[in-house]
Amino acid sequence: QRFSIDAYIEFKWTDRRLEIDTGDGPGSGERTLPISSIWTPRLTVVNDRGLSATLEEFADVDADGNVVVRQRIAGQLAVDLDLRKFPFDAQRLPLQIVSSRYTPEEVVFSPDSYMVARTDEFGARGWRFEGLAPEQGLYRIEETMPESPMLIFSVRADRDASFYVLTLALPMVASHAILTRLPSGPLSSMTDMRRRRSPSSG
């Protein structure tokens, strides 16, 4: 299964190799550099099923080597839905970000990572949404490769069972009741009329 997102993301890290001495104090000497010209944690969305990046790939770097990369992504993500409790189910919709080229000893995601989820703007009738706290874990790209650090941003989706009953179950029951109460008289009358007319037609 898949779901769609439209998200703005900021990644921050410090690279001491990018420090410069400007003599103007902390935070000065800001530069904008192509991402291809600096070290990056090689972040990959592993449940990507058609994401598109809409911003140019540049990094803002200050004199202290603090790096900020901003990106907006839109498209579809894969999710495994558990429907065993339908229509009383709750689902977890994740954005799984992995540092694909590095081990957990080389890249560590900050425990201060956070997500702002505007759940009131989500477009899915019959569901209630809630942003969850980010989680950290491990991910293996391939069996032969070492584990990589993973950061997961998730939204919890609770199905509104009453919406399902009112919009689907009850109309189906009503339609069934109407069909089972259709009179059979008109069909019998048509059969009688055909039988009466058959002698004269010969």
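**Salt bridges, nonpolar cores and loop features**

In the predicted model, the side chains of R70 and D60 meet in a salt bridge, with an N to O distance of 2.6 Å. This pair links distant parts of the chain, since R70 belongs to strand β6 and D60 to strand β5 (residues 58-61), 10 residues apart. R70 is partly exposed, with a relative accessible area of 31%, and D60 is likewise partly exposed, at 30%. Salt bridges that share partners join E10, K12, D60 and R70 into one network.

Another of them is formed by the side chains of R72 and D6, at 2.8 Å from N to O. Because R72 lies in strand β6 and D6 in strand β1, this pair ties together parts that are 66 residues apart in sequence. R72 counts as partly exposed, at 40% relative accessibility.

The interior was examined next. In soluble globular proteins, nonpolar side chains tend to be buried together. The largest nonpolar core of the model has 17 residues, of which I5, L77 and L95 touch the most other members. Two or more residues are given to this core by each of β1 (2-14), β6, β7 and β10 (148-159); β10 gives the most, with four residues. Leaving aside residues up to four places away in sequence, L77 touches several residues, including F3, I5, V45, L51 and L95. A second, separate core contains eight residues, among them I38, A59, V61 and V69.

Nonpolar side chains also occur on the surface, where L81, L83 and F86 form a patch with about 240 Å² of accessible area together. L81 is found in the loop between β6 (66-78) and β7 (90-99), and its relative accessibility of 32% makes it partly exposed. The loop between β6 and β7 also holds P87. The peptide bond from F86 to P87 is cis, with omega near 5°.

A further backbone feature concerns R42, which has a positive phi of about 55° although it is not a glycine. R42 lies in the loop between β2 (31-34) and β3 (43-45). With 38% relative accessibility, R42 counts as partly exposed.

Notes. Residues are numbered from 1 along each chain as its sequence is written. This is a predicted model: local features need pLDDT of at least 70, side-chain atom pairs count only at pLDDT 80 or more; totals for chains, interfaces and linings use all residues. Side-chain values use heavy atoms; hydrogens and water are left out. Patches are made of residues with over 30% relative accessible area and no salt bridge: like charges are joined within 9 Å, nonpolar side chains (Val, Leu, Ile, Met, Phe, Trp, Tyr) within 5 Å. Accessible areas come from the Shrake-Rupley method with a 1.4 Å probe; for residues, only the protein chains shown count as cover. A salt bridge is a side-chain nitrogen of Lys or Arg within 4 Å of a carboxyl oxygen of Asp or Glu. Buried means under 20% relative accessible area, exposed over 50%, partly exposed in between (1.4 Å probe, protein chains only). A nonpolar core is a set of buried Ala, Val, Leu, Ile, Met, Phe, Trp, Tyr and Cys residues joined through side-chain atoms within 4.5 Å. Contact means heavy atoms within 4.5 Å.
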